[in-house]
Amino acid sequence: MTDFTPDDHLFMAQALRLAQQGLFTTMPNPRVGCVIVKDGKIVGAGAHLRAGSPHAEVHALKQAGAMAKGATVYVTLEPCSHHGRTPPCAEAVIKAGVATVIIAMQDPNPLVSGRGSTMLQASGIRVLTGLMQQQAEALNAGFIKRMKHRMPLVRSKIAASLDGQTALSNGISQWITGAAARTDVQQWRAQSCAIMTGIGTILQDNPSLSVRELAIERQPICVIVDSQLRTPLDAKLLSNPQVLIAFATDSQHKAAQLTAMGIGLICIPDAAGKVCLKSLLSHLVSIEVNEVMVEGGEGLNGGLMALDLIDEFILYYAPIFMGSIGKGMFALPALQTMEAIVSLDVHDVRQFGSDIRLLAKCAIQKRAH
């Protein structure tokens, strides 16, 4: 195992902070930061900000200029070795004449993983990998999931009372949580490639699910799971520039009208006549979606949970009780044994106003996809 110095950690931490600049903008590309160090000082720094624009290494090398020769490069992701929208970064690093490249994590794409490092080493550059790898992977969890497993990362956001209710029995749910928690939700929406909701939420709340309060250039794709294609033609979500409705049957004969409105439709029924959720997620991967945020009711959440398709949970708890007769978090069959319960690993707990936010994952991952 490589022994990295305190200075190595300091410079890689700076590269990770730079990578954070692309949190809302780089999709479908990963978030990457780079710093170039000569004689203990940063001489170049950069971040990848959007697809098609120069990568982090290119920005940093341009800033460093001739100072890059003999320098050490700290980069959060293995320099690319293939021609995409931009030329290979590994070639630019080699041409600059750097002495050492320290990488947080390898490229997760199994088709190219390790090739960038091999190119650098073949040119006589010292390459070290694994510094602050866990932090780099957390920053690009969705990209990694898509590259390695051909599925997007799915986060389910749920706002609930302390007794686990997400709505009253009549469906009313606005607002369970306070303004501070709702503002935090905007950050999660902004970093998502797609927001998914169900027809029940559309009919009950008619939400817009848009990113507000943040100055961003893009809105996530809106994905509506609507088995019988009951989405009203005047639903707020349909005003989003990118909308996809997944359905199983056109029982309301709306497909032609929705298509004429420019709404994307995909018919993917499962054996029960509902939307095949796994096929839907696979389709989202085909259009380069890294991260999906689910903002639905107990039906959609229950369907995803039953198929083990939820990777992470963003749970907001308000300090209120709503009673036992209402809408729960997940519509699932009654469990008969304690062995069947779903255990969570909680990895972050914070307070927003009077509400508590828990970030969690399933303790035992059954998924093989």
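Helices H3 (residues 89-96) and H4 (residues 115-122) pack at an angle of about 20°, with their axes 9 Å apart, and are therefore roughly parallel to each other, a label given to angles under 35 degrees, whereas those over 145 count as roughly antiparallel, those of 65 to 115 as roughly perpendicular and the rest as oblique. The model is predicted, so that local features need pLDDT of at least 70 and side-chain atom pairs count only at pLDDT 80 or more, while totals for chains, interfaces and linings use all residues. Residues are numbered from 1 along each chain as its sequence is written, and side-chain values use heavy atoms, with hydrogens and water left out. Helices (H or I, at least four residues) and strands (E, at least two) are DSSP runs numbered from the N terminus; axes are lines fitted to C-alpha atoms, for helices over the stretch in contact, and angles run from 0 to 180 degrees between N-to-C directions.

The crossing of H3 and H4 is right-handed, the near helix being turned clockwise from the far one by less than a right angle, as against anticlockwise for a left-handed crossing. In this pair, Ala 90, Glu 91, Val 93 and Ile 94 of H3 meet Gly 116, Met 119 and Leu 120 of H4, where contact means heavy atoms within 4.5 Å. By class, the contact of H3 with H4 comprises five nonpolar, one polar and one charged residues, with Ala, Val, Leu, Ile, Met, Phe, Trp, Tyr, Cys and Pro counted as nonpolar, Asp, Glu, Lys and Arg as charged, and the others, Gly among them, as polar.

Within H4, the buried residues are Gly 116, Ser 117 and Leu 120, buried meaning under 20% relative accessible area, exposed over 50% and partly exposed in between (1.4 Å probe, protein chains only). These residues cover an arc of only 100° around the axis, which puts them on the same side of H4; the arc is that of the directions from the helix axis to the C-beta atoms. Arg 115 and Ala 122, on the other side of H4, are exposed. The buried residues of H4 pack against H3, strand S4 (100-105) and strand S5 (126-129), and the helix is followed by Gly 124, whose phi is positive, near 90°.

H3 also packs with helix H2 (residues 56-64), the two axes coming within 9 Å and crossing at roughly 20°, which makes H2 roughly parallel to H3. The crossing of H2 and H3 is left-handed. Glu 57, Val 58 and Leu 61 of H2 form this contact with Cys 89, Ala 92, Val 93 and Ala 96 of H3, and by class it has six nonpolar, no polar and one charged residues.

The buried residues of H2 are Ala 56, Glu 57, Ala 60, Leu 61 and Ala 64, and, seen down the axis of H2, they fall within an arc of 125°, so they line one face of the helix. The face turned away from this buried side carries the exposed residues Lys 62 and Gln 63. The packing partners of the buried residues of H2 are strand S1 (33-38), strand S2 (41-47), strand S3 (72-77) and H3; H2 is followed by Gly 65, whose phi is positive, near 60°.

Most residues other than glycine have a negative phi, and most peptide bonds are trans. The peptide bond from Met 27 to Pro 28 is cis, with omega near 10°, and Pro 28 is placed in the loop between helix H1 (6-19) and S1. Met 132, in the loop between S5 and helix H5 (133-139), has a positive phi near 55° and counts as buried at 17% relative accessibility. Arg 150, which lies in the loop between helix H6 (141-149) and strand S6 (153-161), also has a positive phi, of about 55°, but is partly exposed, with a relative accessible area of 46%.

Asn 301, located in helix H11 (residues 298-306), counts as buried at 1% relative accessibility. Not counting residues up to four places away in sequence, Asn 301 touches Ser 156, Ile 158, Val 294, Gly 296, Ile 310, Met 329 and Phe 330. Phe 321, by contrast, is exposed, with a relative accessible area of 69%, and is placed in the loop between strand S13 (312-318) and strand S14 (326-327). With residues up to four places away in sequence again left out, Phe 321 touches Ser 161, Leu 162 and Asp 163.
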